[in-house]
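Notebook open, viewer up. I'm jotting down what I looked up, one item at a time.

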Amino acid sequence: KGGDYQVQLHVLEVRDLAAKNLNGLSDPVIFIEVHGEKQRTVTYKNCLSAVFDELFLFNLKHMEKEELERVVINIKVGTALHCKDFLLLFFAIACET
């Protein structure tokens, strides 16, 4: 039976990132994609560690349980100047608890 679901993702912090800027620092930003919907954190300038403490909500409407089990969550930690040069990349799969 289909239903509505919500994925909640709490981004806490990044630490000890690789330096990507000429000044030896980075501008960390995190990009999140869940089932085609994209969101992002704020960008912190000139640092290698940052506390984001941001909560992201993704609403999945009218989904069958089998479809929910195939939802992929992409999390990319990048730097503002090099958005295609990601520092870290995570993948997760949504599941029912």
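**Aromatic rings**

I started with Tyr44, which is partly exposed because its relative accessible area is 30% (buried is under 20%, exposed over 50%, partly exposed in between, with a 1.4 Å probe and protein chains only). Phe52 is buried, at 5%. My search of the whole structure found one aromatic pair. The ring centres of Tyr44 and Phe52 are 5.2 Å apart and the planes sit at 80°, so I logged the pair as edge-to-face. Cut-offs: Phe, Tyr and Trp (six-membered ring) pair with centres within 6.5 Å; planes under 30 degrees apart are stacked, over 60 edge-to-face, the rest tilted.

**Ground rules**

This is a predicted model, with local features needing pLDDT of at least 70 and side-chain atom pairs 80 or more, while totals for chains, interfaces and linings use all residues. Residues count from 1 along each chain as its sequence is written, and side-chain values use heavy atoms, leaving out hydrogens and water.

**Lys61**

I found Lys61 in strand 4, residues 50-63 (strands are DSSP E runs of at least two residues, numbered from the N terminus). Lys61 is exposed, at 52% relative accessible area. Beyond neighbours within four places in sequence, Lys61 contacts Gly3 and Asp4 (contact: heavy atoms within 4.5 Å). I also noted 6.3 Å between the C-alpha atoms of Lys61 and Tyr5, which are 56 residues apart along the chain.

**Val34**

Which residues does Val34 touch, not counting those up to four places away in sequence? I got Val7, Phe58, Leu60, Val71, Val72 and Ile73.

Technical notes: Helix = DSSP H or I, 4+ residues; strand = E, 2+ residues; numbered from the N terminus.
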